[in-house]
Amino acid sequence: MQEQPIILQTKVTVPPLRRGLVERTRLLETITPLPHQTLTILAAPAGFGKTTLLTEWGASSDVRLAWFSLEENDNTPARFFRYVMAALESQGLTFPEELFHNTAYVSEAMLSQMLCVLEQENEPPYLVLDDYHFIDNPDIHDSVCFLIDHWPVTSHLFVATRHVPPFPLGLWQVRDTVKLVDVNSLRFSLHEAQSFFSTTMGLSIEREECEKLHQQTEGWAAGLQMMALSHSQRSTFPSHSFRSQRLFVQYMLTELLERQHEALRSFLLQTSILKRLDVELCLWLTENEEAATLLEQLVNTHMFLVPLDSSHQWFRYHHLFSKALSEHFQQQDPTSFRELHRKAMRWFEQQELWEDAAHHALQMEDWEQAARLLENVLRPLWMEGQNWSILQWLEPLPEEWLLQRPLLGIFWSSAKAGRQGVSTDVMTKLAELELHIQDAMEQQHDEVSSQSWDELLLSCRYIRMELSWLSNDPDQALELIGTIRAEKRQSKWFPQAYSRLIEGMVLDMIGAPLKTVQSCYQVTVDESQDEFFGMGTYVYAVWGLAWSEFENMEVENARQRCWRLLDRYKKTPPERRPAAFHLSPIYTMLAQISLEQGELEQAEHLLSQGLSHMSKNLVRGVHLYVHLIASFVAMLAGRYQEAEEAIKKAQPHNGGASPREDTEVMQALLALSQERWSDVLRWDQSCQFSTDEAPAKRWLASYHLHTAVLLSQEQFVEATEWLRWLESLTQSLGRKRIQLETVLWNVSLAVLQGHMQGAIEHLHEALVLAEPGATFLFLQHKDTLVPLVEHIVREADSSPLPSLAGWEPLKAALLAEGDERENEPEEGDKSEPAQVAETYKEEIPVLSPRELEIVTLASKGQTNREIGVSLHVSPETVKSHMKNIFIKLEVRSRAQAVAKAQQFKLL
């Protein structure tokens with residue numbers, strides 16, 4: 001794991017007030033937040049005094065101000081929030097040591113920890129994010145939005161930027177929680193311009209001349225300053241009109257440079273390539289012993305040099321001025337421009353400040369040096385899963401260097417797949433890399449170099465193995481796993497245990513015997529728990545073992561395994577921990593286990609933990625798993641809209657377009673829970689189920705849902721054949737939970753057919769398979785199990801059920817369900833009749849003989865219970881028949897069903 005990066009204190013220090021500032025009372029009042037406001041955005045182009053205004057406001061107010069001056073390299077979420085935390089810590093706050101430590105993703109849980117610290121302060125500091133326009137990472141934008149939505153009312157957030165960030169400003173403005181200060185507000189008024197010339201710059205200017213300058217610059221602070229500097233050195237003002245600020249800056253820069261003495265002009269141009277400067281760096285770069293004197297002269301003459309600390313040790317040029325100077329220097333002397341970037345690159349490389357060194361290499365387009373340095377820059381980013389930042393760093397690099405430096409190609413391929421999904425161009429690039437590496441290995445004679453190429457080739461194969469699994473290509477993944485194992489070499493980047501983990505995932509995906517899958521996960525745990533715990537391999541192996549135990553109805557073992565992992569995580573030093581987002585599937589697994597044991601409230605609490613740890617860096621399968629469980633929990637709690645939203649979040653992570661894909665099955669299950677039978681039947685018909693097809697384990701949920709449809713339609717012969725095929729399939733998979741679900745459908749089939757003794761035998765089989773106390777799956781079949789249990793109790797059946805450990809709690813749970821349902825009002829199908837008719841209705845509906853009997857008795861005013869007594873079936877069976885009658889007759893009530901049956905002369 002990478003060490004914590006050095007925090008540059010100049011970036012989290014409030015800039016000192018400049019001398020002779022113009023008092024802008026109106027603006028200070030404008031940006032003073034109201035009590036109900038959370039955010040103030042100052043959005044204007046460079047040179048409009050945003051930073052100066054915020055500095056002045058901080059000095060004039062009685063609040064503490066935490067300051068973060070952003071740069072291009074702050075586009076990594078973890079780095080961004082480490083600096084935010086450092087800024088707040090500079091004002092006396094204390095955060096947990098491990099917060100934002102070496103993590104690829106900033107989760108809501110981490111942000112909540114930060115907010116909790118702020119909320120515990122009586123008077124927390126206000127936070128300024130200066131130069132926020134450097135941020136274009138959507139992950140950071142999302143996290144900042146979360147902060148803004150939950151920011152303490154006793155604090156405030158200021159954002160200074162050149163353009164408005166992609167925040168939901170419309171919503172915030174409706175709530176009146178945001179204040180936007182735009183360029184029109186920041187322009188200098190005529191009075192402020194006069195004050196600036198006289199007080200700040202010490203110039204005596206007639207009002208008429210000042211009005212002309214104010215009109216020319218349109219109140220632009222930087223323009224006024226350039227005008228004043230030009231006047232102070234030649235006693236006249238330029239009279240030109242300019243079409244853009246860019247042309248104005250270019251003109252004024254030329255004017256200003258021409259009027260400086262040679263030493264200062266040279267110093268300005270040479271140091272313009274630096275993002276920040278101090279005397280030591282300037283001495284190295286310019287080889288001018290007067291560097292300290294020249295810096296002081298620039299400060300005293302207001303020459304766009306901004307101090308970064310109160311001791312005036314570190315400075316930066318105003319961004320507008322720096323860019324103009326640098327472009328002018330490059331045009332005038334491209335050779336010297338490149339050479340100075342090279343010197344700066346060497347200085348930063350000696351300090352092991354790789355990002356700054358790589359920046360200068362890229363600026364001079366020395367691709368060889370840039371590629372070499374980027375390996376050092378990207379290595380920790382890749383280890384942390386910072387895919388977006390990796391792609392941003394590599395964007396300016398010519399594509400051929402991804403082959404010339406294969407490690408960069410590996411970083412690019414991994415980041416591209418992690419950010420945008422596995423695609424043809426990624427797999428093609430990896431294939432090219434392998435061929436290039438193999439060619440290079442054949443030409444290498446140096447042993448050390450050969451070992452380096454071996455490492456690259458092995459890493460490339462690990463990436464291909466992982467992506468083959470993610471793209472649902474198990475054959476390719478298993479072939480690569482075999483190749484990696486055969487070489488028997490340890491990778492510098494991947495633990496050998498990682499191939500075992502992927503093998504377990506692949507075998508589980510294709511439905512291999514459970515013992516085989518568990519063996520892979522157990523080997524991974526044994527090999528990775530010490531040396532590679534911090535990489536997350538161990539975490540996913542534990543999750544895999546817990547999942548396999550859950551599928552084998554060893555629910556309590558799975559629960560204990562997950563809690564032991566979380567306990568170990570807390571006790572592990574921060575630098576050895578995996579990124580916190582890896583815990584998301586662990587918490588979700590615990591939520592699923594709580595559901596299995598009937599603890600819905602606990603499941604919701606644990607699921608909230610799983611969702612708060614979610615990350616875009618998690619693999620697609622984990623995203624799918626977490627959001628589907630979230631949908632299922634919401635459905636069980638009766639929050640159907642929330643369940644729909646969770647399914648939508650899961651949809652982008654599905655593996656294909658089959659109607660039996662996981663989200664489609666969940667949609668159908670949600671429709672079933674709402675008794676929208678038309679939607680369920682439409683889905684079922686689109687799947688075209690057949691016992692002749694090659695089964696896939698991940699589709700088993702759809703197979704069980706198809707069983708429900710067959711039973712609802714009283715297609716008992718088809719259901720019997722289907723369940724026989726499904727039973728043989730589930731037994732071959734060796735997963736007790738799936739076997740239990742199939743047995744429970746056999747129970748339901750027997751009950752609906754009135755074969756109570758057969759149902760009892762199947763129920764006995766189900767109780768043998770189930771773990772005592774795990775009643776969840778049974779309660780999913782309560783429509784048929786409640787009347788069965790009532791029958792057993794009523795008849796005092798002498799079956800061996802009472803001898804089974806799970807019988808008494810199950811009996812109590814189902815009888816309680818029966819009592820609750822006794823007084824339930826009758827409800828019809830919630831489907832739209834017109835939609836049902838369009839798909840399933842013939843011109844004259846055909847009712848089965850049993851359905852005709854039921855509707856006839858209903859026409860005589862009998863209730864479901866009375867009809868059940870008359871026909872010797874349970875009330876639940878009557879209710880199931882009634883649902884089908886409603887669908888066929890396009891009605892939504894018993895009265896409508898009787899009237900429609902009479903209309904068609906069915907009675």
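Trainee: Are α27 and α28 roughly parallel or antiparallel to each other?

Mentor: In this predicted model, the axes of helix α27 (residues 537-551) and helix α28 (residues 555-571) come within 7 Å and cross at roughly 165 degrees. Angles over 145 degrees count as roughly antiparallel. The two helices, α27 and α28, are therefore roughly antiparallel.

Trainee: How many nonpolar residues does the contact of α27 with α28 have?

Mentor: On the α27 side the contact is made by Tyr538, Val539, Val542, Leu545, Ala546, Glu549 and Phe550, while α28 contributes Val555, Asn557, Ala558, Arg561, Cys562, Leu565 and Arg568. Sorted by class, this contact of α27 with α28 has 1 polar and 3 charged residues, and the number of nonpolar residues is 10.

Trainee: Which hand does the crossing have where α27 passes α28?

Mentor: The axes of α27 and α28 cross at roughly 165 degrees. As α27 passes α28, the crossing is left-handed.

Trainee: How are α43 and α45 oriented to each other?

Mentor: Helix α43 (residues 849-859) packs with helix α45 (residues 875-889) at an angle of about 95 degrees, and their axes are 10 Å apart. The contact involves Arg850, Glu851, Ile854, Val855 and Ala858 of α43 together with Val878, His881, Met882, Asn884, Ile885 and Lys888 of α45, and by class it has 6 nonpolar, 2 polar and 3 charged residues. Angles from 65 to 115 degrees count as roughly perpendicular, and α43 and α45 are therefore roughly perpendicular.

Trainee: Is Thr271 buried or exposed?

Mentor: Thr271 is found in helix α12 (residues 262-271), and, not counting residues up to four places away in sequence, Thr271 touches Leu277, Cys282, Leu285, Thr286 and Tyr317. Since buried means under 20% relative accessible area, the value of 0% for Thr271 makes this residue buried.

Trainee: What percentage of the 907 residues in the protein is buried?

Mentor: The secondary structure of the protein comes to 46 helices and 7 strands. Among contacts in the protein with a separation of 6 or more, residues 24 or more positions apart account for 69%. Of the 907 residues in the protein, the buried share is 56%.

Conventions: Residues numbered from 1 in each chain as written. Predicted model: local features only at pLDDT ≥ 70, side-chain atom pairs only at ≥ 80, totals over all residues. Heavy atoms only, no water. Axes fitted to C-alpha atoms, helices over the stretch in contact; angles between N-to-C directions. Helix = DSSP H or I, 4+ residues; strand = E, 2+ residues; numbered from the N terminus. Parallel < 35°, antiparallel > 145°, perpendicular 65-115°, else oblique. Left-handed = near helix turned anticlockwise from the far one by under 90°. Contact = heavy atoms within 4.5 Å. Nonpolar A, V, L, I, M, F, W, Y, C, P; charged D, E, K, R; others polar. Buried < 20%, exposed > 50% of the residue type's maximum accessible area, 1.4 Å probe, protein only.
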